Amino acid sequence: MIDTLYIVYTALAAAAVALLLAGRAAGMLRARRRANDLATLGQRYLRLTMLALEGEDSVPRFPELSRPGARLLLARTLSGVLAATYGLDAGPLRRIVRAYDLDGWLLRRARRARGYDRARYLALLAMLPVAPRTVRQTERYLRSSHRAVAFQALMIRITAQPETALRAMAAYPRAFTAAEVARILAELRRGVLPIAYEPLLRAPQSNLRRVGLGIVREFAVEEAEPYLLRLVAEESSEELACEALHALCSLRRPLDGRGVSERVASMERAGRRALLRRMAREAYGAGALRPLLDASERPYYESLVASYKCALV
């Protein structure tokens, strides 16, 4: 009797496991099929978008927008086209956004989401040509305690209204991170933000100076050397002064002068070591930097120089 019960129990357990595995396999197959269908649909959306950019005044009809994920796919397609182009006439894409209410749809999704999910919807809005009402409706997110949400709300404002970009960045309460500066520079490379480095480096707001330093390093603006030397000598923020030093290194400018020597001497050991590694990468020879280095640091820098295969002079 016990043997019979054990056999029945084993058979039922094996059947249950088989059903679970079959259900999981079927679910994975359906998910793969949906992903393939969306990939095919995305290619159709991209072709229709490119046709719209070729000069057709009418808004293309995008199929299957009622299916789950399709509207988000369309928003990502449009933002991808904008991210990959420079000086693009956004008129056709603006008509698509307006005709299908993509900005309103993303805004509604952002309201229902939280944290990074909300930030992702706002990031899509920042890449699209949105209506002025959308900018007004996202202003409240500038006060969000979530850093990514607040920054994406800022990006919506400065991409939709580039004439207010300097004021918006100056009023932003948080210090920009390196990743956030890179995001702003991406818009500048696309021709969205017509801003120059000089007023930024002279600005009283540290965020504007930080973006100005990013422009100098990104585009190798050698004419900015006097501004960088002034920042090194006079900047109250140790972090920004170090960024100015690294910018001088990226331009391979001579690191002489009293202001540079005093700033390097006041840096903490970790910051000085980071600067020395940067100078070695930029081919500064040990002899040229002796005025900046004390006796204990010269062997360290000479070992860095010796680790490079090229000859540094």
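The model is predicted.

**Helix 15**

Helix 15 covers residues 269-281, 13 residues in total. From its first C-alpha to its last it reaches 19 Å, close to the 18 Å expected at 1.5 Å a residue. Its buried residues include three arginines by name: Arg272, Arg273 and Arg278. Leu275, Leu276, Met279 and Ala280 are buried as well. The cover over these buried residues includes helix 11, helix 13, helix 14 and helix 16. After helix 15 comes Ala283, with a positive phi near 70°.

| Element covering helix 15 | Residues |
|---|---|
| Helix 11 | 206-219 |
| Helix 13 | 238-250 |
| Helix 14 | 258-266 |
| Helix 16 | 298-306 |

**Helix 14**

In helix 14, Val260, Arg263 and Val264 are buried. Viewed down the helix axis, these buried residues fall within an arc of 95°, so they line one face of the helix. An α-helix has 3.6 residues a turn, so residues three or four places apart point the same way. What does the face of helix 14 turned away from the buried side carry? It carries the exposed residues Arg258 and Ala265. The buried residues of helix 14 pack against helix 12 (225-234), helix 13 and helix 15.

**Glu243 in helix 13**

Glu243 sits in helix 13. Leaving aside neighbours within four places in sequence, Glu243 is in contact with Arg210, Leu213 and Arg217. Glu243 and Arg217 are 26 residues apart in sequence. In space, their C-alpha atoms are 9.6 Å apart.

Methods: Residues are numbered from 1 along each chain as its sequence is written. This is a predicted model: local features need pLDDT of at least 70, side-chain atom pairs count only at pLDDT 80 or more; totals for chains, interfaces and linings use all residues. Side-chain values use heavy atoms; hydrogens and water are left out. Helices (H or I, at least four residues) and strands (E, at least two) are DSSP runs, numbered from the N terminus. The expected span of a helix is 1.5 Å times one less than its number of residues. Buried means under 20% relative accessible area, exposed over 50%, partly exposed in between (1.4 Å probe, protein chains only). Contact means heavy atoms within 4.5 Å. The arc is that of the directions from the helix axis to the C-beta atoms.
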